[in-house]
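The points are grouped by topic.

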Amino acid sequence: MKIASWNINSVRARLPNLLDWLNEASPDVLLLQEIKCQDKDFPAEEIGDAGYNIATFGQKSYNGVAILAKSPIEDVLHGLPGDEADEQARYIEATVGRIRVASIYLPNGNPVASDKYPYKLAWMRRLARHARALVMQDEIAVLGGDYNVCPEEIDVYDPKGWTEDALFHPKSRAAFRVILNQGYTEAFRALHPGERNCYTFWDYQGGAWQKDNGLRIDHMLLAPLAADRLLGCDIDRKPRGREKASDHTPIWCEIAD
DNA sequence: ATGCCCGGAACGTCCGGA
């Protein structure tokens, strides 16, 4: 089963690019982030015609996540458990075949001196707690999405310039390791140790794409039973180079059924 | 050097993104 993740930066603005990529890459599951619309405004007809079932957890203007799958989507969980007061649509989880998948849009957290940063760290602790429960339940769990964390120096084009940023701050990286240390495998780095310039995001500003000033912030985290079945993982840079591109590009992994 | 770019909401210009 090919499972992909893509921060689409508005599903409506990106619909032609999305349909093109579904057609050429043909993932069995696509986890979307930043759909930036309410559920009622999701382009369900066009994506349904492309052969995908849909589960959404949207909100107006900001955030919003979705799961697309060729097979039925079952037992949908809307929102990350652990904070009833959290109104931001950043997490959706469901079962496709034997696999429990989640689409994650982890908070950015900038600026670090604002209340956005403690929100990010609290959200990561909440994610760690829920991710641990999935391991304890022996789920074949694949948690994919925009984690807004660069795990290591080689995941940043200019690590020295980014140490105080919420995406590469030591506390963000430590919180990411807390999740991994519960038994999760970060699929891309597991299969591509030491490979440089493997980014998933390039800012629209300053010619970042042309200069390859990128960040690796989109990840696929695999619970032990999913990691045992990992066959491949890669980043598809092509969509970032197209007209009206998202600032992120898709990452995918292949899990034995 | 948070401005450069982009989408959404709205219709002037700001918020949020990373």
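Helices (H or I, at least four residues) and strands (E, at least two) are DSSP runs, numbered from the N terminus. This is a predicted model, in which local features need pLDDT of at least 70 and side-chain atom pairs count only at pLDDT 80 or more, while totals for chains, interfaces and linings use all residues. Residues are numbered from 1 along each chain as its sequence is written, and chains are lettered from A and ligands numbered from 1 in the order in which they are written.

**The sheet**

- An open sheet of six strands has the order E5-E6-E7-E8-E12-E9, with mixed pairing; two strands pair if DSSP finds at least two bridges between them.
- Strand E5 (74-78) and strand E9 (185-186) each have a single partner strand and stand at the edges, so one side of each is left without a neighbour in the sheet.
- Strands of a sheet pair through backbone hydrogen bonds, either parallel or antiparallel.
- E9 and strand E12 (residues 218-222) run antiparallel and are joined by two bridges; Thr185 stands opposite Leu222 in E12.

- Strand E7 (residues 99-105) is largely enclosed by the rest of the structure, because seven of its seven residues are buried.
- A residue is buried if 20 or more other C-beta atoms lie within 10 Å of its own, exposed if 12 or fewer, and partly exposed in between, with C-beta atoms placed from the backbone.
- Both faces of E7 are covered: Ile99, Val101, Ser103 and Tyr105 are buried on one side, and Arg100, Ala102 and Ile104 are buried on the other.
- Six bridges pair E7 with strand E6 (residues 91-96) in the antiparallel sense, and Ser103 in E7 is the bridge partner of Ile92.
- E6 and E7 form a hairpin with two residues between them, and Gly97 in the turn has a positive phi of about 65 degrees.
- E7 and strand E8 (residues 140-146) run parallel and are joined by seven bridges; Arg100 stands opposite Ala141 in E8.
- From E7 the chain crosses through helix H3 (residues 116-136) to E8 in a right-handed β-α-β crossover, meaning that, with the strands pointing away from the viewer, the path from the first strand over the helix to the second runs clockwise.

**The nonpolar core**

- The largest nonpolar core has 73 residues, of which Val29, Leu32, Ile67, Val101 and Val142 touch the most other members.
- Such a core is a set of buried Ala, Val, Leu, Ile, Met, Phe, Trp, Tyr and Cys residues joined through C-beta atoms within 7 Å.
- In soluble globular proteins, nonpolar side chains tend to be buried together.
- Val142 is in contact with Ile3, Ile99, Val101, Met220, Leu222, Ala226 and Ile255, leaving aside its neighbours within four places in sequence; contact requires the C-beta atoms of two residues, placed from the backbone, to lie within 7 Å.

**Two individual residues**

- Leu30, found in strand E2 (residues 29-33), counts as buried, with 29 C-beta neighbours inside 10 Å.
- Not counting residues up to four places away in sequence, Leu30 touches Ala4, Trp6, Leu22 and Leu68.
- Leu30 and Val101 are 71 residues apart in sequence and 9.7 Å apart in space, C-alpha to C-alpha.
- Gln182 is placed in the loop between helix H4 (170-180) and E9 and is partly exposed, with 18 other C-beta atoms within 10 Å.
- Leaving aside its neighbours within four places in sequence, Gln182 is in contact with Ala128, Ala131, Arg132 and Val135.

**Backbone geometry**

- Most residues other than glycine have a negative phi, and most peptide bonds are trans.
- Ser61, in the loop between strand E3 (53-57) and strand E4 (65-69), is not a glycine but has a positive phi of about 75 degrees; Ser61 is exposed, with 10 other C-beta atoms within 10 Å.
- Asp138 lies in the loop between H3 and E8 and has a positive phi of about 55 degrees, although it is not a glycine.
- The peptide bond from Asn110 to Pro111 is cis, with omega near -5 degrees, and Pro111 lies in the loop between E7 and H3.

**Surroundings of DNA strand B**

- DNA strand B is surrounded by 22 residues, the closest being Ser10, Ala13, Asn108, Tyr204 and Gly206; a residue is near a molecule or strand if its C-beta atom, placed from the backbone, lies within 6 Å of it.
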